[in-house]
Amino acid sequence: MQTGFLSQQFNAVFLAENFTACPANATICDGTSCVLPEDTFNQTLSVVLSTVLTIMLALVMFSMGCNVELKNFLGHLKRPWGIFVGFLCQFGIMPLTAFLLSLAFNVLPIQAVVVMIMGCCPGGTASNVIAYWVDGDMDLSISMTTCSTVFAMGMMPLCLFIYTKMWTDSNAIVLPYDSIGISLVSLIVPVSFGIFVNYRWPTKAKIILKVGSIVGAVLIVLIAVVGGILYKGSWVITPKLWIIGTIFPAAGYTLGFFLARVAGLSWQRCRTVSLETGFQNTQLCSTIVQLSFTPEQLELMFTFPLIYSIFQLLFALILLGGYRLYKRHCMKTNTDVEKTNTDVEKTNKDIEKTPEKEDSKSSAKVNGGFVSDTMK
C-alpha cells in the first residue's frame, strides 16, 4: 500500500511539473510563457516565404512604378515641399508620438526602446499600394518612401540618441545599415524599371499597374499571415504594448493628414502623406530588435513590431473602405448635380435662342423682308 501511494504521488508531481514546465527546447521560459526557437519546418518555411515575398514585392514595386510620371517625380525632387512635410511627419511626429506614448503608459525601459525604434523607422512599401487604392499622389508616395529610407541612415541614430537616453545607452542599439541598404535597392531598382516602362509603353504600363495593385493587396495580407505563423510562440506580452500598438498607427495617420493639410497640400497629397506617416517598415524594426537584445529581453517586447504591423494594416483598410464609400456615393452625387446643372443651362440657352429665331422669321414675313437660310 505504501509503495502504491508513493508511486501515485510521484506520478502526480511528474504530471504537474510537465504541465507547467516549458518544453525542453525553449529558449525563454517564464512559467507557462515560452518563446520557442524556430524548428526545421519554420526555418524552411521562413526561407521559402521570404524568397516568394521578396519576388512579389519587387513585382509590386515595379507595377507601382508604372504609375509614376518621370516629369512629376523629378518635379517633387526639384520642389520638395511635399517631401519636406513628409520628412517632418516621419522623423518628427512619429518619434515624438512614440516617446509620449511610452511615458503615458509607463512601460518598462526595454519596452519603451522598442516603441521608439518603431517610431524612428522609415516608411514601409505597403503604403505605396494603399496610396494607389485611395487615389493618392503616387509620384509623391514613392518619392517619400525612397527619401525616408535614405534619410533613415542618419535620422534613426539621431532620433534614438535624443529620445532613448533616459532608458538605455543608444550605442547598445544595433542599426542594420545593410538591411536599410537592401530595402533601398529593392525599392529603387523595380520602381525605376516601372517608370521606364511607363515612359516608353504607357498603354502596357496601365495593364501592369492593375495586375500589380491586386498582387500588392494580396501581398499585404500574406505578410501579416506569415508573421503570425512564424512567431506563433511569442504572443504573450503586456497589454500595454497591445494598446500602444493600436493607438500608435492611428495617431500617425491622423497627425500626418492634419500636418499636411495645415501645410496647404491638396486633399490627394494629404491622403498620401497620412499613409506614408502611419505605415512603418516593421521588418526593419524586427531586425534591429533581434540584433540588439538578449533572448531574456526579447520576451518582453519581441512581438510589438508584428502587433503594430497588424493594426497599421487594419486602420489602412478602414480608411480605404471609407474613402471608397465616399467616392461611390458623395462624389457620384456631386458629379450628377454638376451634370444636371449643365443640362439645365444648355436647355435654357436653347429656349432663349428659339424665340429669337421665330421672331426674326415672323418679322421678315410681315415686313416683306428677306429670310436667310439660317433663319429657315
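Mentor: In this predicted model, the structure holds one cavity of 30 Å³ or more, and the volume of the largest cavity comes to about 70 Å³. Its lining is made up of I83, G86, F87, Q90, M144, T145, C147, S148, F151 and E276. Sorted by class, that lining has five nonpolar residues, four polar ones and one charged residue. Two helices, α4 (81-105) and α7 (138-163), each supply at least two residues of the lining, and α7 gives the most, with five residues.

Seven of the eight residues of α6 (residues 126-133) are buried, so the helix is largely enclosed by the rest of the structure. The buried residues are A126, S127, N128, V129, I130, A131 and Y132, and to count as buried a residue must have under 20% relative accessible area.

Just after α6 comes D135, which takes a positive phi of about 60 degrees, although D135 is not a glycine. This residue lies in the loop between α6 and α7, and because its relative accessibility is 26%, D135 counts as partly exposed. N106 is found in the loop between α4 and α5 (109-120), and with a relative accessible area of 60% N106 is exposed, since the word exposed is kept for values over 50%.

Side chains of opposite charge can pair when their charged atoms come close. A search of the whole structure finds two salt bridges. In one of them, the side chains of K327 and D135 meet, with a distance of 2.8 Å from N to O. K327 lies in helix α14 (residues 304-367) and D135 in the loop between α6 and α7, so this pair ties together parts that are 192 residues apart in sequence. K327, at 31% relative accessibility, counts as partly exposed.

The other bridge is formed by R269 and D137, whose closest N and O atoms are 3.1 Å apart. This pair, too, links distant parts of the chain, with R269 in helix α11 (residues 267-278) and D137 in the loop between α6 and α7, 132 residues apart. Its two partners fall into separate accessibility classes, because R269 is partly exposed, with a relative accessible area of 31%, whereas D137 is buried, with a relative accessible area of 7%.

If you now return to the display, begin at the buried residues of α6, go on to D135 just after the helix, and then follow the salt bridge from D135 to K327 and the one from D137 to R269.

Conventions:
Residues are numbered from 1 along each chain as its sequence is written. This is a predicted model: local features need pLDDT of at least 70, side-chain atom pairs count only at pLDDT 80 or more; totals for chains, interfaces and linings use all residues. Side-chain values use heavy atoms; hydrogens and water are left out. On a 1 Å grid over the protein atoms alone, a cavity is a set of points where a 1.4 Å probe fits but cannot get out, and a pocket is an open set with protein on both sides within 12 Å along at least five of seven lines; lining residues have an atom within 4 Å of a point. Grid points are joined across faces, edges and corners, and a volume is the space filled by probe spheres set on the points. Helices (H or I, at least four residues) and strands (E, at least two) are DSSP runs, numbered from the N terminus. Ala, Val, Leu, Ile, Met, Phe, Trp, Tyr, Cys and Pro count as nonpolar, Asp, Glu, Lys and Arg as charged, and the others, Gly among them, as polar. Buried means under 20% relative accessible area, exposed over 50%, partly exposed in between (1.4 Å probe, protein chains only). A salt bridge is a side-chain nitrogen of Lys or Arg within 4 Å of a carboxyl oxygen of Asp or Glu.
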